[in-house]
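Biologist: I am new to this structure and would like to learn how to read one feature in it with care. Could you start with the general idea and then turn to the case before us?

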Amino acid sequence: MDTAEIRQLVLDRAAAVGAKDAKAMVAHNAPTMVEYSLAPPLRQPSAGRDVGPVEKWLATFQGPMSMEVRDLAVTAEGSVAFGTSLNCLTATPVGGTESFSLWFRVTLGLRRIDGKWLVVHEHASVPFEMDGSFQAAVSLQP
């Protein structure tokens, strides 16, 4: 199965972060979805197209932002697909003077609904140190 449409969806979502476009960031989400993001709580509310939480998150950054997608792998069969990637968010927190870059892992579950691929599940995570400190391993790079 051709996965080009899904690959483009992933890149469009990353470009939407760089544009700080909350509507575009959720445009490829199913109306309800399962989301496990980097921020608490353990599971996000299921309103996949609600721009409110995205706008609130975007407001915590100033200046330009970017999202790099690396090592994107997509598998699709019938009306179900999943994609995995390593993503890097670069941004400057409000009140900060320097930007940060954070690499993290992303897994997307997609379904073809009414002829269009939509994200029904998103999981983003940062590895943590297994030395007993349980500190997030935010300095890792691919």
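Modeller: A salt bridge is counted where a side-chain nitrogen of Lys or Arg lies within 4 Å of a carboxyl oxygen of Asp or Glu. Please keep in mind that this is a predicted model.

Biologist: How many salt bridges does a search of the whole structure find?

Modeller: The search finds three salt bridges. In one of them, the side chains of glutamate 5 and arginine 112 meet, with an N to O distance of 3.1 Å; glutamate 5 belongs to helix α1 (residues 4-18) and arginine 112 to strand β4 (residues 100-113), so that the pair, 107 residues apart, links distant parts of the chain.

Biologist: Which residue forms a salt bridge with arginine 13?

Modeller: Arginine 13 pairs with glutamate 122, and their closest N and O atoms are 3.1 Å apart. This pair, too, links distant parts of the chain, since arginine 13 sits in helix α1 and glutamate 122 in strand β5 (residues 116-125), 109 residues apart.

Biologist: Are arginine 13 and glutamate 122 buried or exposed?

Modeller: Buried means under 20% relative accessible area, and therefore arginine 13, at 12%, is buried, as is glutamate 122, at 16%.

Biologist: What is the relative accessible area of glutamate 68, and what is that of arginine 70?

Modeller: Glutamate 68 has 35% and is partly exposed, while arginine 70 has 31% and is also partly exposed; their side chains meet in a salt bridge with an N to O distance of 3.0 Å.

Technical notes
Residues numbered from 1 in each chain as written. Predicted model: local features only at pLDDT ≥ 70, side-chain atom pairs only at ≥ 80, totals over all residues. Heavy atoms only, no water. Helix = DSSP H or I, 4+ residues; strand = E, 2+ residues; numbered from the N terminus. Buried < 20%, exposed > 50% of the residue type's maximum accessible area, 1.4 Å probe, protein only.
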